[in-house]
Amino acid sequence: MSDLAIIAIKLVLVVVAFLVLPLVVGQVEHKAMAHMQGRLGPMYAGGFHGWAQLVADGVKFAQKEDVVPAAADRRIFSLAPAVALIPYLVVLIVIPVGPHGQVGVSLDPGLFFALAMIGVAVLGALMAGWSSANKYSLLGGMRVAAQLLSYELPMVLAASSVAMAAGTLNLSRIVDHWEWWWLPWQAIGAVVFFVAGLAELRRPPFDMPVADSEIIFGPYTEYTGLRFAFFLLAEYAGIVVLSALTTVLFLGGWKGPVMNTELGWLWTLIKVMILAFVVIWLRVSYPRMREDQLQKLAWAGLVPLALVQLALTGVIKVAIS
């Protein structure tokens, strides 16, 4: 098989994963919240265990009228959902799912490329808020930007610790270097990275800019129908990407108890889905934080912890060299 055909097959598989996994996470969230919080509604659609709830949501969004404010910048207003969603597809291209080239594209600076693409998603919120011609949407977009910028630093510092330990920015090589004793060694960085990722995705308890208790839905107030659904889909795609990066950086990626070569992709998928469930579990378990609490957690909590992890990694690397 030619190299071009192999690349085409890999890209098709990445797109399929991008289209399927966020929907699976969304369906799991409906069911998990229904059980944990006694929500009966999501258990009815379609009969058995509410299997058609996701389909019902899709039909609902498709039937809603596509409204664009008269004073809005129509071009930017239309592009914003794509700008919020597509970066997560690009990130999946560089995340390895197994050994021996089981990755869309293996980049030497793959880690920084992935983090940079995640950071691009903030532009979607800013574009949505600014183009809506609504001052409250603009304020919501600025709140989202402030939150993302605050948690970008601890997230990058935590990821840098793993890159320092492995001596490479290539995600596949990071997994190759990973050993079981990295679990306690990089535990602080793993917690910082995961928590910062939740804040970047604006997942509860870090969802103040788009909280149900707010008068508006942050920068997305003027969005309806499928455009609004794309923003929600971007959130679930972000959960998949965050879980996959955490798996690759801190949990050994495709390495499992047995048959790493043959079942590596399965171990990766299992770890990703477990972490996605943890994201859902946190949503139903913890109350929403205040804005001042969120900023204090980032600058007075996570940043110092990430620096401690970097220092610890440096000391151990020097000791074992």
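So, Leu 171: leaving aside its neighbours within four places in sequence, its contacts are Val 94, Ile 95, Pro 96, Gly 110, Leu 111, Leu 245, Val 248 and Leu 249, where contact means heavy atoms within 4.5 Å. Before I go on, this is a predicted model, so local features need pLDDT of at least 70, side-chain atom pairs count only at pLDDT 80 or more, and totals for chains, interfaces and linings use all residues. Residues are numbered from 1 along each chain as its sequence is written, and side-chain values use heavy atoms, with hydrogens and water left out.

Back to Leu 171. Together with Phe 193 and Leu 249, Leu 171 touches the most other members of the largest nonpolar core, which has 83 residues. Helix H9, residues 225-250, puts in the largest share of this core, 15 residues. By nonpolar core I mean a set of buried Ala, Val, Leu, Ile, Met, Phe, Trp, Tyr and Cys residues joined through side-chain atoms within 4.5 Å. Buried is under 20% relative accessible area, exposed is over 50%, and partly exposed is in between, with a 1.4 Å probe and protein chains only. Helices are DSSP runs of H or I, at least four residues, strands are runs of E, at least two, and both are numbered from the N terminus.

From Val 103 to Ser 172 is 69 residues in sequence, but 8.1 Å in space, C-alpha to C-alpha. Not counting residues up to four places away, Val 103 touches Lys 10, Ile 93, Val 94, Ile 95, Pro 96 and Ser 172.

Gln 27 belongs to helix H1, residues 3-36. Gln 53 is 26 residues away from Gln 27 in sequence, with 7.5 Å between the C-alpha atoms. Beyond four places in sequence, the residues that Gln 27 touches are Gly 50, Trp 51, Gln 53 and Leu 54.

In the model, residues 151-169 are 84% helix and 0% strand, with end C-alpha atoms 21 Å apart. Residues 228-252 come out at 92% helix and 0% strand, and there the end C-alpha atoms are 36 Å apart.

On to empty space. Rolling a probe the size of a water molecule over the atoms shows where such space is left. The search runs on a 1 Å grid over the protein atoms alone: a cavity is a set of points where a 1.4 Å probe fits but cannot get out, a pocket is an open set with protein on both sides within 12 Å along at least five of seven lines, and lining residues have an atom within 4 Å of a point. Points are joined across faces, edges and corners, and a volume is the space filled by probe spheres set on them.

How many cavities of 30 Å³ or more are there in the whole structure? One. The largest cavity has a volume of about 50 Å³, and its lining is Tyr 88, Ile 118, Met 155, Gly 197, Glu 200, Leu 201, Gly 238, Val 241 and Leu 242. H9 gives the largest share of that lining, three residues.

The largest pocket holds about 1200 Å³. Its lining has 46 residues, with Glu 29, Leu 232, Glu 235, Tyr 236 and Arg 283 nearest the centre. Again H9 supplies the largest share, 10 residues. By class, that lining is 30 nonpolar, four polar and 12 charged; Ala, Val, Leu, Ile, Met, Phe, Trp, Tyr, Cys and Pro count as nonpolar, Asp, Glu, Lys and Arg as charged, and the others, Gly among them, as polar.

Last one: the second largest pocket, at about 590 Å³. Of its 20 lining residues, Leu 13, Val 14, Ala 17, Leu 21 and Val 97 are closest to the centre. Here H1 gives the most, six residues, and the classes are 15 nonpolar, four polar and one charged.
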